[in-house]
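Here is a short briefing on one protein chain. Look over the model first, then read the points below.

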Amino acid sequence: MKEKDKVHQLIHALSQGEKRYFKISANQFTVGESNNFIRLFNAIGSQKKYDEEKIIRTFKGERFVRHFSSKKVHLYNGILRTLRLFNSGKTVDAILMNSLMSIRLLYNKGLYTHCTSLLTKAKALAYHYEKFSLIIKMLEWERNVALINPTDIEQELRQINKEKLSALSHLNTIEKYQQLLDVPVRYIYGQGFIRKTSDLKKLEKIIRHPLMKSIPHSKSFSVLLGYYRTLSAYHMLKRNLRICLMLRKKIVELYTASPHMIGEDIENYINVNYGLLITASDMKDTEVIEKTIRQLTQLTGQVKYPVPPIMEARVFHLQYFYTLRSLMQKHDFKKAAELEQTVMRGIEHRKSSLTPHLKIYLLQELAGCLVLAGKLLDALRLLNIIMHDADSEKPHNIMVELRMLYLIIHFELGHEELLEYLTKSDEHFFIKN
């Protein structure tokens, strides 16, 4: 992304409600220049591809366009400010951060009993959602209030210190699990498997770590999540798929037992279901695949706040990618091919929220289904869309599969004149890579 395109990308990422809120806010809180900001907002938002020269020509002769770069910066910051306001009550993090700001304002006004009342409510919410870093900030404010109006100061400070050490201990344990998890994750997202003995030794160090020797006694959701995610990633790389599947089911059960954590931890919730889908797919366990897809598609009903478009797009991708894969594993190629229009409409509907690489993976899976269903020309059309998509880099494994599918399709269609060219091109590609 070019730096000058940032405002364009931000505007196109807004929902209709967010756009409407920005325009109302610009009129209410911007004196003198509100109309110019809205005009600039509308002009940039109307462009499918950003063309700065055209925007400047549109406002030629107007004073505000003389300092166009600074106006764009002000517009960008203004959009972010209204986004924060629009979403201020839509996550627990946002609610707690607003509470901390309110506590500071009340403290500066000398309204210490107000601070205490707000701290009590905010802390209860923070403990419920295990927001330990914010709990530490709240405890620091409790200390400030206690020192202003001490009653039993020794007992109060002792309790504050005890709570603070407990929160720090939880944060430390969660961070250690994250560092342990990062070791297998680097291999899973990199090459997908262990190649060298030295890599295997690094992996074995994880299982020997004191935190991994037994299930944690802690009742903390975050600690248990860290343990099971790390252990499941270890067994995934060791190709102990049955153990991995069992562990990944336990992770999903953790969320089922604490449903309030799903909405606040929505990205991790989608990731753990993704992990379960990968393992079930490797084991050809279509029953688990179908059950997991059902859980993911019910996400909107499980959470308190609206699912962000980027997360909804990820659910859409997982739903259809693994539905297609499951149907292929059942050899029901005809039913898989019948999903083509549904998938294509879904992709079109999510132009701004479905990332290019997810789109490519989904289109390629669909193309493979169409080949197996005998719809070769339809598959070829999809492969051409992928190949000519300039918005994303295509990973090596995608390029390998694309080339193989091209060969199969043109062979089946009897395009002998193309096969000689394709085989030479593929030979060069595989030798080079």
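Exposed means over 50% relative accessible area, buried means under 20%, and partly exposed lies in between (1.4 Å probe, protein chains only). This is a predicted model, in which local features need pLDDT of at least 70, side-chain atom pairs count only at pLDDT 80 or more, and totals for chains, interfaces and linings use all residues. Residues are numbered from 1 along each chain as its sequence is written, and side-chain values use heavy atoms, with hydrogens and water left out.

**Overall build**

- The chain has 23 helices and zero strands.
- Helices (H or I, at least four residues) and strands (E, at least two) are DSSP runs, numbered from the N terminus.
- Along the principal axes, the C-alpha atoms fill a box of roughly 90 × 70 × 40 Å.
- The chain holds 433 residues, and 42% of them count as buried.
- Among contacts with a separation of 6 or more, 63% join residues 24 or more positions apart.
- A contact here means heavy atoms within 4.5 Å.

**Salt bridges**

- The whole structure contains 19 salt bridges.
- Each one is a side-chain nitrogen of Lys or Arg within 4 Å of a carboxyl oxygen of Asp or Glu.
- Glu420 and Lys424 form one of them, with their closest N and O atoms 3.6 Å apart.
- These two sit four residues apart in helix 23 (residues 416-432), so about one helical turn separates them.
- Lys72 and Glu52 also meet through their side chains, at 2.8 Å from N to O.
- That pair links distant parts of the chain: Lys72 belongs to helix 5 and Glu52 to helix 4 (residues 52-58), 20 residues apart.
- Lys72 and Glu52 are both buried.
- A further salt bridge joins the side chains of Glu204 and Lys238, again with an N to O distance of 2.8 Å.
- Glu204 lies in helix 10 (residues 197-208), while Lys238 is in the loop between helix 11 and helix 12, 34 residues apart.
- Glu204 has a relative accessible area of 18%, so it is buried.
- Lys238 has 32% relative accessibility, so it counts as partly exposed.

**Around Glu264**

- A network of salt bridges links Asp93, Lys131 and Glu264.
- Glu264 is part of helix 13 (residues 260-264).
- Its relative accessibility is 14%, so Glu264 counts as buried.
- A polar atom of the Glu264 side chain lies 2.9 Å from the backbone nitrogen of Val92.
- The Glu264 side chain also reaches the backbone nitrogen of Asp93, at 3.2 Å.
- Leaving out residues up to four places away in sequence, Glu264 touches Thr91, Val92, Asp93, Tyr129 and Lys131.

**Around Leu106**

- Leu106 is located in helix 6 (residues 92-108).
- Leu106 and Leu118 are 12 residues apart along the chain, and their C-alpha atoms are separated by 9.6 Å.
- Not counting residues up to four places away in sequence, Leu106 touches Leu111, His114, Cys115 and Leu118.

**Pocket and cavity**

- On a 1 Å grid over the protein atoms alone, a cavity is a set of points where a 1.4 Å probe fits but cannot get out, and a pocket is an open set with protein on both sides within 12 Å along at least five of seven lines; lining residues have an atom within 4 Å of a point.
- Grid points are joined across faces, edges and corners, and a volume is the space filled by probe spheres set on the points.
- The volume of the second largest pocket is about 1,600 Å³.
- Its lining has 49 residues, and the closest to the pocket centre are Ile188, Tyr189, Tyr274, Ile278 and Tyr322.
- Elements that give two or more residues to this lining include helix 9 (153-189), helix 14 (266-282) and helix 17 (309-329).
- By class, the lining of the second largest pocket has 25 nonpolar, 15 polar and nine charged residues.
- Ala, Val, Leu, Ile, Met, Phe, Trp, Tyr, Cys and Pro count as nonpolar, Asp, Glu, Lys and Arg as charged, and the others, Gly among them, as polar.
- The count of cavities of 30 Å³ or more comes to one.
- The largest cavity has a volume of about 40 Å³.
- Residues lining the largest cavity include Leu14, Tyr21, Phe22 and Phe86.
- Helix 5 gives the largest share of that lining, four residues.

Methods:
A polar contact is a pair of N or O atoms within 3.5 Å; within protein, one must be able to donate a hydrogen and the other to accept it, and residues adjacent in sequence count only if both atoms are side-chain atoms.
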